[in-house]
Amino acid sequence: MDPVTTIGGAEGLCRIAEALRAEGIGVEGVYLIKVVSDEDDVDWVIRIVTSRKSREVVLKVFDLRRAGRIPEFGGKVRVDPVPATHPEASRIIAYARRFAELPVEIETVILDRMLIEYALVADIERVGAAAA
């Protein structure tokens, strides 16, 4: 099964963001990305954009998975919390904000000299959303 299906697509990613927020962890965005190394190894990574400590978020994700509150994604996909200032995350979130609706699927796009082969952006905080 492909990683997008394994996590439940955009809906599964949104469930992760919502569950973390319900636990008091601020999530600015969540996306799945295909990361290809120089040796052509492929990793699928769920990036959780947050200001919280990486270890705290990863442990909370495992707790939520054990409790059945977020999708099972097995060993095919790893979780990586990153700050909004992370070079990849900042580019992908800025790109996704250009679109009126989520999810945003990014396929083979160069964002400010960074090649993104594939990313699925399912959830981002909209600027001014809290004021609405």
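E23 is partly exposed, with a relative accessible area of 34%. In this predicted model, the side chain of E23 meets that of K60 in a salt bridge, at 3.3 Å from N to O.

**The salt bridge between K60 and E23**

- The side chains of K60 and E23 meet at an N to O distance of 3.3 Å.
- K60 belongs to helix α3, whereas E23 sits in the loop between α2 and β1 (29-36), so this pair ties together parts that are 37 residues apart in sequence.
- K60 has a relative accessibility of 22% and therefore counts as partly exposed, since the buried class requires a value under 20%.
- Salt bridges that share partners join E23, K60 and R69 into one network.

**The salt bridge between R21 and D123**

- R21 and D123 form a salt bridge through their side chains, with 2.6 Å from N to O.
- R21 is partly exposed at a relative accessible area of 30%, whereas D123 counts as buried at 11% relative accessibility.

**The salt bridge between E117 and K34**

- The closest N and O atoms of the salt bridge between E117 and K34 are 3.8 Å apart.
- Strand β5 contains E117 and strand β1 contains K34, so the pair ties together parts that are 83 residues apart in sequence.
- E117 counts as partly exposed at 31% relative accessibility, and K34 also counts as partly exposed, at 26%.

**The setting of T50**

- T50 is placed in the loop between β2 (42-49) and α3 (54-66).
- With a relative accessible area of 2%, T50 is buried, because that class covers values under 20%.
- A polar atom of the T50 side chain lies 3.2 Å from the backbone nitrogen of R52.
- Leaving aside residues up to four places away in sequence, T50 touches I25, G26, V57, P81, V82 and P83.

Terms used
Residues are numbered from 1 along each chain as its sequence is written. This is a predicted model: local features need pLDDT of at least 70, side-chain atom pairs count only at pLDDT 80 or more; totals for chains, interfaces and linings use all residues. Side-chain values use heavy atoms; hydrogens and water are left out. Helices (H or I, at least four residues) and strands (E, at least two) are DSSP runs, numbered from the N terminus. Buried means under 20% relative accessible area, exposed over 50%, partly exposed in between (1.4 Å probe, protein chains only). A polar contact is a pair of N or O atoms within 3.5 Å; within protein, one must be able to donate a hydrogen and the other to accept it, and residues adjacent in sequence count only if both atoms are side-chain atoms. Contact means heavy atoms within 4.5 Å. A salt bridge is a side-chain nitrogen of Lys or Arg within 4 Å of a carboxyl oxygen of Asp or Glu.
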